[in-house]
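Work through the exercises below with the structure open beside you. Try each task before reading its solution.

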Amino acid sequence: MVAFGKKLKERQIQEWQGYYINYKLMKKKVKQYAHQIEVGTQDRRHVLKDFSRMLDNQIEKIVLFLLEQQGLLASRLIKLRAQHDALEEQLEISQITELREAYRGVGQDLLKLLYFVEMNAIGLRKILKKFDKRFRYRFTDYYVKTRANHPYSQLQQVFKHVGLGAVVGAVSRNLHELQDRQGSYLSIYDPPALPLQDPVVDSIKAAVDRLTNSTNFLNFLAQHALILQEELPAPIEEHVDEERYHFMSLLLNLANTFLYMVNTYIIVPTADNYSTSLGAAATVCGIVIGAMAVAQVFSSVYFSAWSNRSYFRPLVFSSIVLLVGNTMYAMAYDLNSLTVLLLGRLFCGFGSARAVNRRYISDCVPLKIRMQASAGFVSASALGMACGPALAGILQTNFRIYKFTFSEDTLPGWVMAVAWLVYLIWLWISFKEPSRDIQENTSPHASSSQTAENNALEKGLKQPLLVASEEMQEDDEDPEGDGSEEASEKSHRPATSIKSAYRLRTPSVKVQLLIYFMLKYAMEILLSESSVITTYYFSWSTSTVSIFLACLGLTVLPVNIVVGSFISNMFEDRQILLASEIMVCIGILLSFHIIIPYTVPQYVCSGLIMFVSAEVLEGVNLSLLSRVMSSRLSRGTYNGGLLSTEAGTIARVIADATITLAGYLGQSRLLNITLLPSLLICLSSIVATCFTYNSLF
């Protein structure tokens with residue numbers, strides 16, 4: 001890849017230049033192999049053997065240099081240990097401070113070594129993927145299995161970095177002993193140990209986490225936000241991030257996310273009653289609920305573009321539009337106008353600022369807490385989804401003030417209007433617009449100083465070496481292979497339109513977006529028609545529907561804890577993906593009403609299976625999508641988050657329209673007719689998954 005090759009060359013530590021993977025040579029050899037096979041001068045067997053030997057030589061060069069550097073670090077630590085022991089008899093603050101700085105110096109050099117391993121790991125993964133793609137052969141699986149599991153494996157040094165782990169432990173332990181109570185000498189192994197507050201150790205831990213194939217709940221949840229990162233981020237000074245970051249502004253963005261999700265789902269339990277009170281059919285609730293999603297299809301684009309220039313103004317505009325939209329929704333009853341009701345929901349959709357919320361986290365939150373902020377974004381969405389129906393269940397009252405009616409139908413609109421008014425005041429007082437000058441004046445290659453170099457070490461790829469997904473992204477590759485500067489720059493530019501962003505998808509990205517569309521469609525069918533279905537079959541009250549929907553929403557975080565902390569460490573993403581799709585399909589099948597009387601246990605159990613499986617599927621799907629999507633979609637207006645949002649929003653629009661159209665055939669047929677498209681799309685996604693990830697079989 002031209003883009004990666006250029007980055008690799010630019011970001012190499014100059015004195016170690018000869019020890020990096022020779023990506024340019026290997027890329028050239030792959031091209032030569034393809035030509036030789038085409039003209040018949042070489043057979044495939046010889047090519048595989050020759051390429052394996054070349055990879056072995058490259059890895060040996062990297063590993064031997066790595067061992068040499070580990071030895072040098074170990075020698076420095078031995079000398080520091082001697083100085084450390086000498087201080088036990090005679091404590092002097094100046095000497096302790098000097099020793100701590102020396103340990104930090106070793107830590108900084110250790111960071112450089114970890115980044116060296118990381119860059120080579122990325123290069124190795126990419127050249128293997130390039131070989132697989134060119135020759136239509138799963139060479140990666142063969143190579144990794146034969147090399148990684150061998151007792152004398154050199155590849156394991158890159159995978160597990162055992163020696164580096166020992167150096168990490170030595171640096172961490174000694175810095176811990178010298179922390180705060182200088183001379184007290186606490187151990188990191190003695191519980192309860194005081195937390196080690198040292199930025200060098202934090203950076204080392206982050207680098208080690210990136211190199212190990214470990215998944216935790218926070219990381220798994222953060223990937224749901226689909227805030228994509230550059231594969232090899234530029235070494236921008238950390239103080240730039242710090243100057244742009246403002247905690248209260250981040251909190252306001254998360255509050256906007258939470259309120260918007262509450263606003264989306266607060267009307268679900270009462271939308272059918274509201275439609276009926278205005279003289280429409282109960283199934284018109286599909287259009288009422290879906291009107292917000294229709295507007296969001298367009299608002300996501302202009303809010304994403306607006307966030308290129310400002311964050312404060314789009315949030316203010318969003319709050320005002322949502323205030324007006326909810327007021328219109330609430331007043332539609334007294335005006336006896338279905339048109340006003342629909343316009344109110346459209347206005348609410350036009351106020352969707354989720355693109356701004358994502359963009360703020362991506363652009364203005366420091367890298368060291370960006371994962372937590374992304375997880376906060378997803379958690380705020382999940383809590384909003386649960387709180388919306390729960391709040392609707394509480395608002396069971398009926399009274400009038402002057403000419404305005406306050407009932408279970410109109411109160412969601414009034415409550416949300418007040419909430420957005422309070423939010424607008426809070427926003428106006430507390431939000432701090434980040435400086436654009438810092439971002440514009442900072443070049444990716446502006447500094448080669450030691451500080452910038454060390455900061456760059458913290459910003460590597462989150463992905464482990466040799467990710468299991470077959471279709472890792474290569475769309476920033478120079479198609480001609482000429483290595484020209486112009487081709488490199490062009491291939492690395494952000495997408496300039498939805499159309500160009502959509503063209504960047506590979507077969508696996510197409511499958512992930514199809515799965516995302518399917519699960520959003522199935523979930524919207526389940527949620528939006530819940531009030532109509534349960535009223536028709538079980539005569540549930542609004543409160544009962546609200547409790548059911550709130551309980552579904554509350555499963556989101558526990559399910560993600562289980563998947564992120566346990567299941568994702570036991571199985572490959574592709575395996576969880578297929579299993580979840582099958583479970584969604586089973587949930588849909590169990591939901592059909594065929595011959596036997598439809599019962600509450602059948603509806604609740606099938607709905608729970610479908611919803612929980614869809615939640616698992618969404619988490620794994622977005623986790624996988626964040627790894628296979630083009631790095632060109634990590635920035636700009638038409639980014640990966642916008643692309644996935646549009647796919648999900650369109651699915652919701654179609655689902656809500658399906659409910660309303662099916663309503664013309666009668667409520668007795670509504671359930672089966674709306675479930676049928678869900679089943680067909682789900683089966684299509686299962687087939688597409690099996691076809692794309694055929695290595696499962």
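**Exercise 1: a proline in a helix**

At 2% relative accessibility, Pro389 counts as buried (buried means under 20% relative accessible area, exposed over 50%, partly exposed in between, with a 1.4 Å probe and protein chains only). The model is predicted: local features need pLDDT of at least 70, side-chain atom pairs count only at pLDDT 80 or more, and totals for chains, interfaces and linings use all residues. Residues are numbered from 1 along each chain as its sequence is written, and side-chain values use heavy atoms, with hydrogens and water left out.

Task: Locate Pro389 and list what Pro389 touches, not counting residues up to four places away in sequence.

Solution. 
- Step 1. Find the element. Pro389 sits in helix 17, residues 367-394. Helices here are DSSP runs of H or I with at least four residues, strands are runs of E with at least two, and both are numbered from the N terminus.
- Step 2. List the partners. Beyond four places in sequence, Pro389 touches Tyr265, Ile266, Pro269, Ser546, Leu549 and Ala550. Contact means heavy atoms within 4.5 Å.

**Exercise 2: helix 11 and two partners**

Task: Determine how helix 11 runs relative to helix 14 and to helix 15.

Solution. 
- Step 1. Two packed helices are described by the angle between their axes and the distance between the axes. Axes are lines fitted to C-alpha atoms, for helices over the stretch in contact, and angles run from 0 to 180 degrees between N-to-C directions.
- Step 2. Take helix 14. Helix 11 (residues 247-265) packs on helix 14 (residues 312-335) at about 25 degrees, with the axes 12 Å apart. The two are therefore roughly parallel. Angles under 35 degrees count as roughly parallel, over 145 as roughly antiparallel, 65 to 115 as roughly perpendicular and the rest as oblique.
- Step 3. Name the contact residues. Asn253, Asn256, Tyr260 and Asn263 of helix 11 meet Leu315, Ser318, Leu322 and Asn326 of helix 14. This contact of helix 11 with helix 14 has three nonpolar, five polar and no charged residues. Ala, Val, Leu, Ile, Met, Phe, Trp, Tyr, Cys and Pro count as nonpolar, Asp, Glu, Lys and Arg as charged, and the others, Gly among them, as polar.
- Step 4. Take helix 15. The axes of helix 11 and helix 15 (residues 338-350) come within 11 Å and cross at roughly 155 degrees. Helix 11 and helix 15 are therefore roughly antiparallel.
- Step 5. Name these residues too. Tyr260, Asn263 and Thr264 of helix 11 meet Arg345, Cys348 and Gly349 of helix 15. The contact of helix 11 with helix 15 has two nonpolar, three polar and one charged residue.

**Exercise 3: helix 27 against helix 30**

Task: Classify the packing of helix 27 on helix 30 and sort the contact residues by type.

Solution. 
- Step 1. Read the geometry. Helix 27 (residues 573-591) and helix 30 (residues 667-692) have axes that come within 9 Å and cross at roughly 160 degrees. That makes helix 27 roughly antiparallel to helix 30.
- Step 2. Collect the residues. Helix 27 contributes residues including Leu577, Glu581, Cys585 and Leu589, and helix 30 contributes residues including Leu671, Leu675, Cys682 and Ile686.
- Step 3. Sort them. The contact of helix 27 with helix 30 divides into 14 nonpolar, four polar and one charged.

**Exercise 4: positive phi**

Task: Where do Tyr402 and Ser539 lie, and are they buried or exposed?

Solution. 
- Step 1. Recall the background. Most residues other than glycine have a negative phi.
- Step 2. Take Tyr402. Its phi is positive, about 60 degrees, although Tyr402 is not a glycine. Tyr402 lies in the loop between strand 1 (399-401) and strand 2 (404-406). Tyr402 is exposed, at 68% relative accessible area.
- Step 3. Take Ser539. Phi of Ser539 is also positive, near 60 degrees. Ser539 is in the loop between helix 24 (530-538) and helix 25 (542-554). At 62% relative accessibility, Ser539 is exposed.

**Exercise 5: a buried asparagine**

Task: Describe the surroundings of Asn120.

Solution. 
- Step 1. Asn120 belongs to helix 4, residues 93-135. Asn120 is buried, with a relative accessible area of 3%.
- Step 2. Not counting residues up to four places away in sequence, Asn120 touches Tyr19, Tyr20, Ile21 and Ile62.
- Step 3. Asn120 and Ile62 are 58 residues apart along the chain, and their C-alpha atoms are separated by 7.9 Å.
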